[in-house]
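Q: Please take me through this structure one feature at a time, giving the general idea before the particular case.

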Amino acid sequence: MVNLIATAPLGYIKPVSLIGTDLVQIDWAQITSIAPYLGRVADVDRALAKIGLRFPAPNRMASHGDARIAWTGRDQAFMIGADCPDLGDAAAAVDQSDAWARFALSGPAAVDTLAHYVPVDLRLSSLPVGASIRSQLYHVPLCLMRIGADAFEVMVFRSMAHTAWHELEDALRILAARAH
Amino acid sequence: MRIDGRGLIDRAKPISFTFDGKRYQGYKGDTLASALLANGVRVVGRSFKYHRPRGVLTAGFEEPNALVEVVGTTNHTPNVRATGQEIFEGLVARSQNRWPSLRFDILAINDLATPFLGAGFYYKTFMWPRAFWEGLYEPIIRRAAGLGSLSGKHDEGQYEKSYAFCDVLVIGAGPAGIAAALTAARAGADVILCEEKAHIGGRLLGDMPQLDGKSAADWLAEAAAEMATLPNLRVMARTAVTGAYDGGVYSALERVGLHRAPRADLPRECFWRITAAQTILAAGALERPIAFENNDRPGIMLASAVQDYLNIYGVAVGQKVALLANNDGARRVARQLIQAGVEVLGILDTRSDASVVEDCPVFLNARITKTKGRHGLRHISGTHLNGEFSFDCDVLAVSGGWNPMVHLTCHMNGRPKWEASLSAFVPQADAIPNMRAVGACNGDFSTKAAFTQGAGAAAAALGDLGHTPAPFTAPDCEDAPYIITPLWAMETSGGVYARAWLDFANDVTVKDVALSAQEGFVSVEHMKRYTTQGMAPDQGKNSNIGALAVLADSTGKGIPEVGTTTYRAPYAPTSIAAMGAGGRGMGFAPQRFLTSDRLSRDRGAPMIEAGLWYRPSYFPKAGEGDWQTSCNREVGYVRSAVGVADVSTLGKIDIQGKDAAKFLDLVYANTFSTLPVGRVRYGLMLRADGYVLDDGTTARLGENHYLMTTTTAAAGLVMRHLEFVHQAYCADFDLRFISVTEAFAQFAVAGPRARVLVGSMLAAPLGDLPFMGVTTAQISGVAARVFRISFSGEEGYEIAVPTRYGEALMRDLISRAELMGGGLYGMEALNVLRIEKGFITHAEIDGRITAGDLGLGGMVSAKKDCIGKRAAQREGMVHENRQHMVGLRPLQGEAITAGAHIFAQGAALTREQSQGYLSSVGYSPQFHSYLALGFLERGRARHGETVMVVDRLRGINVRAEVCDPMFFDKSGERMRG
């Protein structure tokens, strides 16, 4: 009898905790890409309203309970942490759950860690809590979501998870060495 | 010699270090230069060309002489400026450009050869005989040239790169910069204040003016304390801003670990990219020397350096000091020396109209005619208004005036303008968008002006940002006018050895510049290259203005007419390692790993890179001596039982929408709107120029739902192409697509027993899935897709599951395949299998291949338009002499290689006679022969012909038969089952 066991992008990996800042692999969650067809955002909004959400503006995200909807590109947002409601023929919905590795980076050195690799103004005035942007983590394509002033979620292609983790850990170690 | 009670060093913290193997002691806060001077070390280096003994000239990063090597655990760094290198416990430094020792240097013989070594010597001398250049001259010159040495090893040091953003970037933390930073930060703006030195203060530290009746040190301590309370102000010490770029972006280099004993993870340097809405340049000014005969002796130093060593480091650089100056300001140095108890023999003022009222003798209209002391100044003599002077002295402090640091204002092709009243160049306003130059770097040399201009510029910047400026009251301080009568060079005694140095670092003299003009190199850019002035590590910071003034004099032009050479980034020497931080070795690019990666490595598979992916090349088994044996075995699995391979790297794109079919018809050369649901079709995509872009299979999952696959290497390229076509050509097509490459792990199962294996996995029977069909299935409760497609010529399936189940599925497939006499196969076997079947891959075509060349011309549908269709019909694209894809089989089965060229039998083996090349080669265990795919002129008409396959690099020259590229199962019976 076949028995398929799921493995996380990095398997089991010990969280990194340095200078009060933590880097943790986030457990699997349902992720669905929602891409409204031409002129159908209002229909998508109606469907999402049932779970207290609406299609986000560029570079923004919103949460309701466990469900989050985050902008991830032109005419595209990811529903994370909940099943996607029935959108009828208003949007293309594609399962992306396994395509991404997700890391939580939080603590006082989170911003400086990201600043090593992400060529984006990370000041709160420019990237407020609730921002969701596409950028790069050094060479790795990135979705970056700001959960709090010092808390981020980092999403990278699953296959590149090792490189991304290594980069973040490396920056944290450098910052820790600098702090001494 | 240290002076008690002076300086900012911490005398409670002694630090020991070595220089040229000898142990010395300094204090925390010392630079290598200040500690060596305190220990009485006068000669610290040898000059570049003449190997003359040289001492410390400056107290800053513009130092041309005191360049040393620092030897550390991971790094061995040449050309470190001793004037900027802070000492730390265990620092090991040594002098450079000398052999066998600093005191006795064999190549000092060059100094005697001066008559032959003037400017242009190389250009004139090594022209003939021509053949000598490569064999004789160049190796000798290369050996003699260059400063310092390299370890010859990789740079194993840790480096760092980072980004920063701010409202106001302030460059330089002297009085102007401090005023600007405090003004902007008090108003609430995000401010970054960069200072190249270790501490804020700029000239306040060395010059020690009274500020509001307080000492400069006390005033600075208060400013630093306030800065620490402003969370929106980031002070970046030891950080040199090195370049100004478009969009308010500045590069900067921070010394993070260079001044500390090494520790794990502590980077040496950090390369910053700072983006600022507004910038205030408060870079200050550099004092300049005056050229006179033998002005390069150790002990002849800039006046401001003598002052810095006294007031910052508590070091009297000499016992008997004289001051040479052409301006009023420098006299303050003499006064402070006297106050500190140092004997000042006299002030040699080059002007005739200056004051003589000082606490030491003042000589007006002074000119130095002679200096003595090869390893350290001993004596100077010369003339003055009322006769001659002659002193025994060990230090001569020189001030030829000040040059504003206009460097950064010129990085966008701005040129500085000449200000006659200062005898100096000052920045053009607005040379860099949103940058304001203030204080000394703007030509205002008084302390008061620095404070008020810094605050004023910050207020203006705040206004532009929409902030209300906070008040800043400049402290009560010196506001003296700058009074100077320029003097660039003094007369020398004549004769070949009478040299007055302009560029200490590259040994360029007044005479060299005059010679350049005499020989017709009158443009400042030509003079620079002819004499090498300004091309040393200091990039002419000490000498550019002096040299062009001498050039102006030699050519009879004015200084503004001569103009400056071009100032380019980086302002400060920048390690390539810092700019490339993190990019060495495996950091060069992201690594992409398959879910089966660990499994493959556990089985000893050597991994090869395909794009960014790592894929197993073969899986060795005990007793198999070489890869070929393993590969042959794996090919055998597929041909006789069943083989399993991870093919997850192929690009996968989910395409949905009511115009999806129409879109695919546009991007593919062949038609997809007619593909039935549940079926898969091979597709060929052309570029806009008509050549082949990529190929792959696309499945129709629903009426408006397709799943496209691309080759591994072209996945990103195809995605970009689709985005471009949709956004640029048919934005009104209603469809959406997204990459699902990473969402699914996909495995090929191929061979006569493939169907049995696949069937054994599924919850429900596979049924009669036809060749080129797709269906959904359940595996252990997991939704899967099964495609019936083949890349090997055997009955083949591909199973896709959500990526998190990839590793588990792979393990299960392998164990089942092994029970059936099959097993894993790697890239080597995969390549052999598809070459036998006549399939070429994207990576093997060079971007100049048409569909017709591949024998796929018929796929370009006549019934519809597609990207590249018209371009593909151009005359040259359909010419009968084009190279066609063919199969090639060596007549005796000999080894042949990809890259070999194809010649007609009997043709001369010249480039012009080459009729094609081999793109893909593998050894086929089935045919007991090497087989190849290649491109041959008119190849399709030449099946059966014997040609020569020649690879000169590998010494291969064999006869081969041209044939159909499909060697195996031409009818396709095995594949269709």
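Q: Which residue in E22(B) does Ala325(B) stand opposite?

A: The general idea is that strands (E, at least two residues) and helices (H or I, at least four residues) are DSSP runs numbered from the N terminus, and that two strands pair if DSSP finds at least two bridges between them. Here Ala325(B) faces Ser399(B) of E22(B). The model is predicted, so local features need pLDDT of at least 70 and side-chain atom pairs count only at pLDDT 80 or more, while totals for chains, interfaces and linings use all residues. Residues are numbered from 1 along each chain as its sequence is written, chains are lettered from A and ligands numbered from 1 in the order in which they are written, and side-chain values use heavy atoms, with hydrogens and water left out.

Q: How many bridges join strand E16 of chain B to strand E22 of chain B?

A: Five bridges link E16 (residues 320-325) to E22 (residues 395-399) in chain B, and the two strands run parallel. They belong to an open sheet of five strands in chain B, whose order is E15-E22-E16-E17-E18 and whose pairing is parallel. At its edges are strand E15 (300-302) and strand E18 (362-363) of chain B, each of which pairs on one side only.

Q: Which helices pack on that sheet or lie across its strands?

A: Contact means heavy atoms within 4.5 Å, and directions are those of lines fitted to C-alpha atoms, for helices over the stretch in contact, with angles from 0 to 180 degrees between N-to-C directions. Helix H8 (residues 303-311) of chain B packs on the sheet and touches E15, E16 and E22 of chain B, its direction making about 85° with that of E15(B). Helix H9 (residues 331-339) of chain B lies across E16, E17 (343-349) and E18 of chain B, running at about 170° to E17(B).

Q: What is the order of the strands in the open sheet with mixed pairing?

A: This sheet, also of five strands in chain B, has the order E2-E1-E7-E5-E6. Strand E2 (22-28) and strand E6 (76-81) of chain B stand at the edges with a single partner strand each, so one side of each has no neighbour in the sheet. From one strand to the next, the twist averages 40°. Strand E5 (residues 67-71) of chain B pairs with E6(B) in the antiparallel sense over four bridges, and Val70(B) has Thr77(B) as its bridge partner in E6(B).

Q: How many residues does each chain bring to the contact between chain A and chain B?

A: Chain A brings 49 residues and chain B 64. Buried area is the accessible area (1.4 Å probe) that two parts lose on being put together, summed over both, and for these chains it is about 4500 Å², 54% of it on carbon and sulfur atoms.

Q: How many salt bridges cross this interface?

A: A salt bridge is a side-chain nitrogen of Lys or Arg within 4 Å of a carboxyl oxygen of Asp or Glu. The rule finds six across the interface of chain A and chain B, including the one between Arg178(A) and Glu254(B), whose closest N and O atoms are 2.6 Å apart. On the side of chain A that touches chain B, H3(A) gives the most, with eight residues.

Q: Where is Pro100(B) found?

A: Pro100(B) lies in the loop between strand E7 (92-95) and helix H2 (109-112) of chain B.
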